[in-house]
Amino acid sequence: MNYDFTEAEHALFADIAGQVNALGDPAALEQRDPSEKGWQIRRVMETLAQTPYLKLGLQPAEDYNGQLTLMGAMEVLAGISPSAYLAVESAARLFGRAVGSWGNSAQKEKYLDPILAGQGLGALALSEGAMNIENEPLATIGEKHGDSVLVTGTKQYVINASIADWIAVAGVCEGASALFIVESGDPGLSVDAPLQTPGYQGTPISAITLDRCEIPAGQVISPATGDDMPAVLRTWENQILLGASLGISKTAFETARDYAKSHRSGGKPVIAYQEVGFKLAEMLTMLQTAQLLAYRTAWTLETSPDEAYELMLSAKVFCTESAEQICSEAMKILGGSGYISGNRAELAYRCAKYGQIAGISTEIARVKIGDAALGYRK
Amino acid sequence: MDFAFTREQQMFKKEIIRFAKKEIVPRVQEHDLKEAFDFESFRKLGEFGILGLHFPEEYGGSGADVVTTVMAGEALGEAGVDGGLTLAYGAHSFLCADTIFCHASDALRKRYLPGLISGKYIGCMGLTEPDAGSDVASMKTTAEKKGDTYVLNGSKIFITNGPIADVAVIYAKTDPEQAHGGISAFIVEKGTPGFSAGPPLIKMGVRTSQTSELFFDNCEIPAENLLGAEGEGFTMALQTVEWDRSALLTPFVGAAKYMLNACADYAKKREQFGRPIGKFQATKHKLANIRIFYEAAQSLAYRIAWYKDQGRPLNHLEAAVAKLFVGDWSMGPANDAMVLFGGYGYCHEYNMERIFRDSRLAPIGGGTSDIQKMIISKLI
């Protein structure tokens with residue numbers, strides 16, 4: 001047993017924070033990038049490629065502990081820029097991880113290597129309008145057509161869709177789950193304008209439509225036999241959302257704490273008032289509890305992934321729901337300044353809700369945890 | 001980071017659960033209804049080695065680490081042992097015996113520890129007073145040095161095991177002019193002239209534990225019963241806090257697991273509207289909330305234990321966070337469990353109302369949740 005990160009991990013976290021902060025005011029990353037290619041995000045990817053960040057959890061990294069180190073690193077990046085974090089993670093830990101886990105060597109060389117080098121941007125298209133709690137079969141279909149595959153379907157909420165070089169589209173091909181790698185500009189692929197969202201405004205999220213989009217058969221990735229592809233992808237999404245929740249919670253807490261120590265009222269710092277001090281105590285309690293749950297989940301995914309399912313869902317519910325509470329309380333402590341756009345707590349609050357909705361929603365997560373307790377689901 | 005329990009620890013936990021289900025749990029309901037201390041179960045805890053887990057073998061203990069020790073509390077809770085017995089065990093082993101072990105002379109250790117560890121003696125600790133709760137510096141009980149003795153005068157309140165204890169660790173002011181620095185700790189034996197206990201207080205929960213006032217009326221004790229040196233009492237009291245906020249918390253964590261298992265079993269059998277209530281999402285939601293609390297609370301409690309094993313002194317922030325979480329966040333799951341059982345949950349037979357009542361102590365005992373918030377807000 002050990003409840004501490006190692007010195008090497010702490011050094012890595014400091015390196016990541018230093019490199020990303022050196023890019024300039026992180027608030028800029030929260031603005032919609034008008035460029036079609038998403039240069040803001042690409043710049044962050046290039047910067048992170050100078051550190052082990054992009055490789056964590058995807059390739060063996062000496063001195064680090066796989067998913068556990070990754071969770072700590074995710075917390076750092078999400079705390080600096082939630083938008084850049086979500087875009088980077090969608091590229092690396094959804095698209096990149098899918099290729100790394102299920103792709104052949106040619107596919108890894110073509111798609112994963114550029115991602116890890118910070119020279120490419122990927123996206124994963126999973127959600128469909130009809131998807132529900134039981135993960136009904138995906139409606140997106142790939143039909144073999146000679147040496148090609150014709151992909152047809154509609155996907156919603158695709159992160160990075162408008163700026164990605166490649167989109168891994170989840171669907172079904174000849175009765176089996178498959179990922180179709182569609183390249184930017186491919187005929188038959190249309191990407192809607194980015195959606196307007198309250199948070200993560202620097203992350204482009206769009207719907208896409210594929211109308212007999214023709215791709216070479218070599219761009220089809222088949223998950224390993226026995227893998228429930230949608231469920232695995234949701235697990236990866238949940239990991240990303242755990243990291244996001246930790247990052248925004250920590251930023252909101254620290255912003256409120258620093259303000260409460262420096263802002264004076266009635267001749268003393270406002271933290272000296274129990275209404276404020278006690279609120280911060282509750283926030284820190286939720287934050288530390290969320291951190292331990294997320295770290296333990298990541299550790300379990302690394303050491304015994306078959307035992308991680310219910311713990312992951314428990315962490316998903318607690319971390320994302322407490323994030324919203326922490327951010328909300330932070331705004332109250334900050335008073336009027338917390339309501340001004342650009343304040344770190346206000347930004348965190350706008351992002352917080354997403355974590356409860358995306359991946360497995362907290363309601364569905366509770367149903368699944370309950371099913372497990374009842375023995376209804378193995 | 002590494003959250004793994006050793007194979008031995010996991011086997012040990014299973015063994016305690018098996019022991020408790022067989023030897024203790026069948027007696028819980030009867031004693032809870034009577035509000036009676038279960039002397040036989042307490043003796044069995046001693047025989048099984050639970051009362052002295054972390055003490056050295058030379059005193060009859062097992063030399064276990066702190067993580068293993070607090071695991072025993074979780075196992076007892078998970079087995080269905082009531083909060084009254086686990087509270088009595090905690091007050092006995094950690095607040096009384098551990099203080100003697102850490103601060104008493106070798107002669108006093110040899111005199112008291114073997115009996116406390118075996119369960120022959122029952123121990124208690126007296127710190128709180130009617131007008132001095134978390135503000136311990138305002139305590140009024142005094143200990144005046146007179147030759148080779150100290151003479152104690154004053155009273156204590158809310159003392160777990162007070163009416164049944166053979167050995168008490170008592171905090172009193174040796175220098176009433178000083179605040180924290182004037183507090184000292186003493187061992188007082190049952191039967192010492194001038195020392196008496198009031199009748200057991202009638203409580204909402206943890207009813208099998210016996211809680212009372214203690215009175216000191218010119219109670220004369222040997223000067224050698226002073227623990228450590230004069231003025232060191234406050235530091236000793238602080239050191240017990242980490243036990244308060246790890247070992248005394250884990251029975252609540254284990255109780256959550258007990259509730260989860262019991263609720264799931266009930267929800268699979270209980271049918272309404274033509275199907276088991278476990279098929280309804282509202283039932284699953286409650287089960288999930290209990291599970292989430294269990295997972296969260298477990299990590300917090302074991303973190304304190306692991307820190308203590310590493311020899312890190314007085315981790316007040318982490319300890320207060322753990323205490324606050326278990327205290328305030330346990331109310332929801334305990335309520336959910338009782339409601340899930342419907343009318344049966346409100347009846348004693350099904351245990352949920354007892355666990356609900358027992359859980360209500362978590363945000364109060366060992367420093368209220370407000371005190372934890374005060375500690376945290378000062379440390380951040």
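A: Asn161(B) sits in the loop that runs from strand S3 (149-160) to strand S4 (167-173) of chain B. Helices and strands here are DSSP runs, numbered from the N terminus (helices are H or I with at least four residues, strands are E with at least two). Keep in mind that this is a predicted model, where local features need pLDDT of at least 70 and side-chain atom pairs count only at pLDDT 80 or more, while totals for chains, interfaces and linings use all residues. On bookkeeping, residues count from 1 along each chain as its sequence is written, chains are lettered from A and ligands numbered from 1 in the order in which they are written, and side-chain values use heavy atoms, with hydrogens and water left out.

Is Asn161(B) buried or exposed? It is buried, with a relative accessible area of 0%. The cut-offs are under 20% relative accessible area for buried, over 50% for exposed and partly exposed in between, using a 1.4 Å probe and protein chains only.

Val206(B) belongs to the loop between strand S6 (195-197) and strand S7 (211-222) of chain B, and at 5% relative accessibility it counts as buried.

Which residues of H11(B) are buried? They are Met331(B), Pro333(B), Ala334(B), Asp336(B), Ala337(B), Met338(B) and Leu340(B). An α-helix has 3.6 residues a turn, so residues three or four places apart point the same way. Among the elements of chain B that cover the buried residues of H11(B) are helices H8 (250-269), H9 (281-309), H10 (316-329), H12 (342-345) and H13 (352-359).

Now step back to the whole of chain B. It has 14 helices and ten strands. Its radius of gyration is 21 Å, close to the 21 Å that the globule rule gives for 380 residues, so chain B is as compact as a globular protein of that length. (That radius is taken over C-alpha atoms, and the rule is 2.2 Å times the number of residues to the power 0.38.) The C-alpha trace spans about 80 × 45 × 40 Å along the principal axes of chain B. Of its 380 residues, 60% count as buried. Of the contacts in chain B with a separation of 6 or more, 76% link residues 24 or more positions apart, where contact means heavy atoms within 4.5 Å.

The contact involves 43 residues of chain B and 40 of chain A. The two chains bury about 4200 Å² between them, with 68% of that on carbon and sulfur atoms; buried area is the accessible area (1.4 Å probe) that two parts lose on being put together, summed over both. On the chain A side, Met1(A), Tyr3(A) and Leu374(A) lose the most area to chain B, together 19% of what that side buries.

As for chain A, it comes to ten helices and ten strands. Buried residues make up 58% of its 378 residues, and its C-alpha trace spans about 80 × 50 × 40 Å along the principal axes.

Ser361(A) lies in the loop between helix H9 (344-357) and helix H10 (362-374) of chain A. At 16% relative accessibility Ser361(A) is buried, and it touches Lys316(A) and Gln356(A), leaving out residues up to four places away in sequence. Arg212(A), by contrast, is partly exposed at 47% relative accessible area. Arg212(A) is in strand S7 (residues 205-216) of chain A and touches Glu143(A), Leu150(A), Val151(A) and Thr152(A), again not counting residues up to four places away in sequence.
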